[in-house]
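Here is a short briefing on one protein model. It covers secondary structure, the surface, the cores, the salt bridges and the disulfide.

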Amino acid sequence: MNSTAPTTATPRSRRLTARTGLALATAALMAGCAQVPHPSPNDPWESYNRGMYRFNDTVDRAVLKPIATGYETVTPRPVRTCIHNIFGNLADAWSGINSLLQGRGRDFVDTFGRVLFNSTAGLGGCIDVASMHGARKIPNDFGMTLGVWGFGSGPYVVLPFLGSSTVRDGSAWAISLASPVSPTSAVFAIDNVPVRNSLLGLFVVDTRANLLEADRLVDQIALDKYSFIRDAYLQRRKAMLDSRLRSGRASTADDLDRSAPPSADQALPVYEDPDAAPAN
C-alpha cells in the first residue's frame with residue numbers, strides 16, 4: 001500500500017498546482033481591468049499596476065502579513081536578528097559582485113571585506129561585526145548594474161507577489177535568479193528539498209517581517225498607499241543610481257535611509273486615490 005502512495009499523490013498534487021496557478025493567473029489578469037483616466041507619466045501602466053497592487057495586497061493581508069506578524073511575536077529579537085544578518089551576508093556577496101561589474105573597485109573590496117569578516121568573526125553572518133567596526137553595508141544589485149551600463153529604467157510595473165519594480169529591475173531580478181551567485185543561490189544549491197524549501201520560506205518571512213514597521217508607517221501617513229509606495233520606490237532607486245553615476249564612493253544603506261525634511265517652500269505631493277472618488 002505504501003509503495004503506491006507516491007504515484008497516486010503526484011498527479012493529484014500536480015492538478016492542484018495547475019488549478020492554483022490558473023486561479024492566480026486569472027485573478028492577476030482581471031486585476032488590471034479598471035482604467036485610470038490620467039495615469040502618471042512615469043506610470044503609464046497604472047491601470048494594470050493598481051489592480052496588481054490590490055491583488056498583491058490581498059494575498060499579503062491574507063497570508064504573508066499574519067505569518068510575519070506571528071513570526072515577530074514568537075521569535076526572540078536576537079534570533080530574528082541573527083537570521084536576518086545571515087541572509088544579509090549572502091546579499092552582500094551579490095552586492096560586491098555588482099560593484100565589481102560597475103567598475104567600483106573600492107566598493108567591491110569593502111563589501112567582500114564585510115562578507116569575510118561577518119562569515120568568520122560573525123559566526124557565518126549571524127553577528128554583523130563589520131557594521132560594529134564601521135564597515136557599512138553598500139546595497140547593490142543587477143538592476144543598478146544595468147543602470148550604470150546605460151539601460152533606462154523603463155516604466156514602473158507591479159510584479160505579481162514581488163511588488164514594486166521597473167522593466168529594467170524586473171528583468172535584472174529574473175537574470176539574478178538564474179545566476180549561480182545571487183542572494184538565494186546558496187539556498188537553491190541545497191539538494192535536500194524539505195530543507196531548501198524551509199529556508200526559502202524563512203527568507204520570505206524574514207523579508208516580510210522586516211517590512212512590518214514600514215508598513216505601519218505607510219498606513220498612518222499615506223492617503224493613497226499605491227502612489228506613496230510607487231513614488232518612494234522610484235525615488236530610492238533613482239538616488240541609488242545617481243550615487244553610482246557620480247564620481248566617488250557609492251552611498252551606504254545609512255546614507256540612503258537618511259532623507260532631509262522638506263523646506264517650507266516645497267509643496268508636498270498630493271496622493272489622491274481615484275478609487276475613493278465619490279460617485280456622481
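Helices (H or I, at least four residues) and strands (E, at least two) are DSSP runs, numbered from the N terminus. By that rule, Leu 177 lies in helix α7, residues 167-178. The model is predicted: local features need pLDDT of at least 70, side-chain atom pairs count only at pLDDT 80 or more, and totals for chains, interfaces and linings use all residues. Residues are numbered from 1 along each chain as its sequence is written, and side-chain values use heavy atoms, with hydrogens and water left out.

**Surface patch**

- Leu 177 is partly exposed, at 40% relative accessible area. Buried means under 20% relative accessible area, exposed means over 50%, and partly exposed is in between (1.4 Å probe, protein chains only).
- Leu 177 belongs to a nonpolar surface patch with Phe 161, Leu 162, Trp 173 and Phe 188.
- Together these residues have about 510 Å² of accessible area. Such areas come from the Shrake-Rupley method with a 1.4 Å probe; for residues, only the protein chains shown count as cover.
- Patch residues have over 30% relative accessible area and no salt bridge; like charges are joined within 9 Å, and nonpolar side chains (Val, Leu, Ile, Met, Phe, Trp, Tyr) within 5 Å.

**Nonpolar cores**

- In soluble globular proteins, nonpolar side chains tend to be buried together.
- A nonpolar core is a set of buried Ala, Val, Leu, Ile, Met, Phe, Trp, Tyr and Cys residues joined through side-chain atoms within 4.5 Å.
- The largest one has eight residues: Met 52, Tyr 53, Phe 55, Tyr 156, Val 158, Tyr 226, Tyr 233 and Leu 234.
- At least two residues of this core come from each of α2 (46-74), β1 (156-159) and α11 (225-245).
- Beyond its neighbours within four places in sequence, Tyr 53 is in contact (heavy atoms within 4.5 Å) with Val 158, Lys 225, Tyr 226 and Ile 229.
- A second, separate core has seven residues, among them Ala 68, Tyr 71, Ala 209 and Leu 212.

**Salt bridges**

- The structure holds 22 salt bridges. Each is a side-chain nitrogen of Lys or Arg within 4 Å of a carboxyl oxygen of Asp or Glu.
- Glu 46 pairs with Arg 50; their closest N and O atoms are 2.9 Å apart. Both lie in helix α2, four residues apart, about one turn of the helix.
- Glu 46 is buried at 6% relative accessibility, and Arg 50 is buried at 5%.
- These two also sit in a salt-bridge network with Asp 43, Asp 224, Arg 230 and Asp 231.
- Lys 65 bridges to Asp 215, with closest N and O atoms 2.9 Å apart. Lys 65 is in α2 and Asp 215 in α10 (residues 212-221), so the pair ties together parts that are 150 residues apart in sequence.
- Lys 65 is partly exposed at 22%, whereas Asp 215 is buried at 13%.
- Arg 114 and Asp 128 meet in a salt bridge, N to O 3.5 Å. Arg 114 is buried, and so is Asp 128.

**Disulfide**

- A disulfide is a covalent bond between the sulfur atoms of two cysteines.
- The count is one disulfide, taken as a pair of cysteine sulfur atoms within 2.5 Å.
- It joins Cys 82 to Cys 126, S to S 2.1 Å.
- The torsion about the S-S bond of Cys 82 and Cys 126 is about -135°, so the disulfide is left-handed.
- Cys 82 lies in helix α3 (residues 77-101) and Cys 126 in the loop between α4 and α5, so the pair ties together parts that are 44 residues apart in sequence.
- Cys 82 is buried, at 18% relative accessible area.
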